[in-house]
Amino acid sequence: MSKKSEEGITAKKNENFSEWFTQVVQKCELADLRYNIKGFLVFQPWSVLAMEKMYDYMEKNLQKKGHKPYWFPTLIPESNLKKESEHLSGFTPEVFWISSSGKDKLDEPLALRPTSETAFYQMFSLWIRSYKDLPFKTYQRANIFRYDTKATRPFLRSREFHWIETHCAHESEKNALQQVKEDMKTTKEVMHDIFGVPFIFFERPQWDKFPGASRTFAADALNPDGKVIQQPSTHMISQEFSKAFDVKFKDKDGKDKYSFMTCYGPAISRIFASVVITHGDDKGLKFPWEIAPIQTVIVPIDAKLNKKAEKIKKEIEKIVNVEIDYSDKRPGEKFNYWEMKGIPIRIDLGLQDSKKGKVTIFRRDLDKKIVVSEKSIVKEISKISREFTKNLIKKADRVFDNRIKEVKDIKEMEKAIKEGLVAKCRFCSTQADGIKCAEVIEKNIGAEVRGTRLDEKTKVSGKCAICDKKASVIVYIAKSY
RNA sequence: GGGGCUGUGGGGUAGCCUGGUAGCCUUUCAGGUUUGGGACCUGACGACCCCGGUUCAAAUCCGGGCAGCCCCA
């Protein structure tokens, strides 16, 4: 095998997506998969630096909307999880339990948090007293443990993952729904407008809710193999939990009332996967400007130009995060390496350009080289920095939109799903009675009803694509992870 | 959840069928020559997933475990 094929990405993203993703994770040093517990991985600097920035954007956005940060314990007593029955039966099969300390058995088993509603709410009952305390908006960044699937995948589905969870209490159901809508807006502002990941927010069918929720809303992003991957979800948990945990407040009328809960869970490590998948190409990664671990790298092709590299670095480091590649590699190797690593801008310093007072800039958004004068570097870089993520988003949106197809019946649906598309059709109901049609789809096509859109208010007429009943909703159908 | 495949230096592999000397490429490290799209020379470090069994002898055969990949539900 030639050197080139061993060191770079060899799998084609659109032909062999699984292999491509595994190679990118390993060759771009995003994670080391050799840790000896199934479904657990070591996150390496190149992903951690980007995810730190992602956390930062998400947290700042939440704080601006009034969420206050907390750090809760990683452990939750068994009795807390038992307080709400649906929640318990939904999560119990996935819980890692701690049952002893040293040689002694614990009086009560402790769960490694699979999600933290039952930790937050018991404190809510101590903190919330009056309608004046509401809405009570919190969040934390946390690692989460779920023993949930045999088919673990790095970043996409691990048994430990990193997320933000918000937990809020509201006076009324109406306010809770308002919060859900705000969460969807947050998702758009951060995941789409900054990270460049297109998605659709669905209300999930009744049979596919978060355990303990009355309504579940979740964003689906798309992978090149035609499967959707669930991204942030937000839930209306109604009053079941506040009754179980006694989260009451005194209302204006002097009466004690149970509050209405919502929670929202953007999983940073999984969103990172979608960033990689959405923007990456056959050469490797492509980071949006805002979250690139390093935004610009300077490659002095001749060591004589090292001083010039330092001078340029000083000039531009006020506007970008920049490093110089002094390594003793040949230029071609450096070019390929930094393109694989997804650095947005590379500045090549060579003697030929230098004589003419010019430098070559490679921009990874367009995969194009341009030659500019040394004097205009700052201007040029700040211009590219403004365009960069927009270019990635434009391209990602176009790909996404082309993968949704309207279908009339199960035959067309099957064809669309086989082609790796998301099917859109009329459907009888996403309430309990629609599950029969959903099962028909799952059994025959292997795809799932992902739900209905809140942002798409079209009148529905005609019959369900599966049964003879009158259609009441438009649903989207896709294969999923 | 069911099934299949795989596990050899940091990475990729040969050897396994037919038991007996662990070979190659690459990375890394040291030194030198190089540098406009994956350079080269010299030298060095470094491995048979774990536990048990069969055997004079196990990377190789058998059993179990752990881990990874793929397919199906």
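Colleague: How many residues surround RNA strand B?

Modeller: Since this is a predicted model, what follows describes computed geometry. A residue is taken as near the strand if its C-beta atom, placed from the backbone, lies within 6 Å of it. The closest are G8, S18, K38, G332 and G350, and the residues that surround RNA strand B number 40.

Colleague: Which element supplies the largest share of the surface near RNA strand B?

Modeller: At least two residues of that surface come from each of α1 (3-7), α2 (17-27), α11 (331-341), α12 (351-355) and β18 (358-363). By class, the surface near RNA strand B has 11 nonpolar and 13 polar residues, together with 16 charged ones. The largest share, 8 residues, is that of α11.

Colleague: In what order do the strands of the open sheet of 5 strands lie?

Modeller: Strand β15 (residues 296-300) is joined to β17 by 5 bridges and the two run parallel, with V297 standing opposite R346 of β17. Between β17 and β18 there are 4 bridges in an antiparallel arrangement, and there D348 has T360 in β18 as its bridge partner. The pairing in this open sheet is therefore described as mixed, and the order of its strands is β16-β15-β17-β18-β19.

Colleague: Which are the edge strands, each of which pairs on one side only?

Modeller: In the order β16-β15-β17-β18-β19, the edge strands are those that pair on one side only, and these are β16 (322-324) and β19 (368-373). From one strand to the next the twist averages 25°. Helix α13 (residues 377-401) packs on this sheet, where α13 touches β15, β17 and β18 as well as β19, and the direction of α13 makes about 10° with that of β18. The edge strands asked for are thus β16 and β19.

Colleague: Why is strand β17 described as largely enclosed by the rest of the structure?

Modeller: In a regular strand the side chains alternate between the two faces of the sheet. In β17, I345, I347 and L349 point one way while R346 and D348 point the other way, and all are buried. Strand β17 (residues 345-349) is largely enclosed because the buried residues number 5 of the 5.

Colleague: Within what arc do the buried residues of α10 fall, seen down its axis?

Modeller: An α-helix has 3.6 residues a turn, so residues three or four places apart point the same way. In helix α10 (residues 306-316), the residues A309, I312 and I316 are buried, and they line one face of the helix because, seen down the axis of α10, they fall within an arc of 65°.

Colleague: Against which elements do the buried residues of α10 pack?

Modeller: On the other side of α10, the lysines K307, K311 and K314 are exposed, whereas A309, I312 and I316 are buried. The partners of these buried residues of α10 are β15, β16, β17 and α13.

Colleague: Is D409 buried or partly exposed?

Modeller: D409 lies in the loop between β20 (404-406) and α14 (410-418). D409 and V378 are 31 residues apart in sequence, and their C-alpha atoms are 56 Å apart in space. A residue needs 20 or more other C-beta atoms within 10 Å to be buried and 12 or fewer to be exposed, and because D409 has 13 such neighbours inside 10 Å, D409 counts as partly exposed.

Colleague: Which residue of β23 does G451 stand opposite?

Modeller: Strand β9 (residues 200-203) pairs with strand β22 (residues 448-453) over 2 bridges in the antiparallel sense, and there F202 stands opposite R453. Strand β22 also pairs with strand β23 (residues 473-480), again antiparallel, over 3 bridges. The residue of β23 that G451 stands opposite is Y476.

Colleague: What is the average angle by which neighbouring strands of the sheet β4-β6-β5 are turned against each other, direction ignored?

Modeller: This open sheet of 3 strands has antiparallel pairing in the order β4-β6-β5, and its edge strands are β4 (75-77) and β5 (97-101). Strand β4 pairs with β6 (residues 104-112) over 3 bridges, with L75 opposite L112 in β6.

How values were computed: Residues numbered from 1 in each chain as written. Chains lettered and ligands numbered in written order. Predicted model: local features only at pLDDT ≥ 70, side-chain atom pairs only at ≥ 80, totals over all residues. Nonpolar A, V, L, I, M, F, W, Y, C, P; charged D, E, K, R; others polar. Axes fitted to C-alpha atoms, helices over the stretch in contact; angles between N-to-C directions. Contact = placed C-beta atoms within 7 Å. Arc of directions from axis to C-beta.
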